[in-house]
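Thanks for asking me to look this one over. Here are a few notes to read alongside the model.

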Amino acid sequence: VFNNTPDETAYNRLMLNREAVMGSLVMIQPTLLSYSLEGPPTPALLDVTSIQPDRILLLDTYFLIIIFKGSTISQWQKAGYQDAPEHEHFRQLLSAPKAEADVLLKDRLPMPKIVETEQHGSQARFLLAKLNPSATHTSNNYSSNEIIFTDDVSLQVFMEHLARLSVQS
């Protein structure tokens, strides 16, 4: 119910109750796939550290499918590398998440909204809202290329707090 209107909450509950197990699991725990030039797509953590400049991320939240291009991939695409015959591998990398999104759309009702965005783009907020904020402006974790400006705590901080509470009498 957090960050939703009463109508959206009722709709999400209705969809959760009428969907099969796999669809319900995607609603509860979205899936994130990482595409790179180094190999086949791999599952990625729902964490801000999954954002890399040389990766394309595909997030499936059941109601929303997001194709997120890292900054390097986006620059290469704007430069038109995918149009050169010697960069066939890059063209395949760009088309793989779209093909996977088409497969997801085929059996999904209601049809999810598809958002294509790039790192630091205006639509990137849809992806950043779903990721664990392990690297924020208040943390010392600057190993990530992306820092989320939020007051929310990361999963690690939350788990540490729960551990402290569980051992107190």
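The points below cover a strand and its partners, a helix face and a surface patch.

1. Please keep in mind that this is a predicted model. My comments rest on its coordinates alone.

2. Let's begin with strand 4 (residues 64–69). Here 6 of the 6 residues are buried, so the strand is largely enclosed by the rest of the structure. Leu64, Ile66 and Phe68 point one way, while Ile65, Ile67 and Lys69 point the other way. Do have a look at Lys69, which is listed among the buried residues too.

3. What are the pairing partners of strand 4? Strand 3 pairs with strand 4 in the antiparallel sense over 5 bridges, with Leu58 opposite Ile67. Strand 5 (residues 113–118) pairs with strand 4 in the parallel sense over 6 bridges, and there Ile114 is the bridge partner of Ile65.

4. Helix 2 (residues 21–28) has Gly23, Ser24, Val26 and Met27 as its buried residues. Viewed down the helix axis, they fall within an arc of 160°, so they line one face of helix 2. These buried residues pack against helix 1 (6–18), strand 1 (31–36) and strand 3 (56–60). Val21, Met22 and Ile28 are exposed on the other side.

5. Finally, a nonpolar surface patch of about 630 Å² is made by Val153, Leu155, Val157, Phe158, Met159, Leu162 and Leu165. Leu162 lies in helix 6 (residues 155–167) and is partly exposed, with a relative accessible area of 38%.

Methods: Residues are numbered from 1 along each chain as its sequence is written. This is a predicted model: local features need pLDDT of at least 70, side-chain atom pairs count only at pLDDT 80 or more; totals for chains, interfaces and linings use all residues. Side-chain values use heavy atoms; hydrogens and water are left out. Patches are made of residues with over 30% relative accessible area and no salt bridge: like charges are joined within 9 Å, nonpolar side chains (Val, Leu, Ile, Met, Phe, Trp, Tyr) within 5 Å. Accessible areas come from the Shrake-Rupley method with a 1.4 Å probe; for residues, only the protein chains shown count as cover. A salt bridge is a side-chain nitrogen of Lys or Arg within 4 Å of a carboxyl oxygen of Asp or Glu. Helices (H or I, at least four residues) and strands (E, at least two) are DSSP runs, numbered from the N terminus. Buried means under 20% relative accessible area, exposed over 50%, partly exposed in between (1.4 Å probe, protein chains only). The arc is that of the directions from the helix axis to the C-beta atoms. Contact means heavy atoms within 4.5 Å. Two strands pair if DSSP finds at least two bridges between them.
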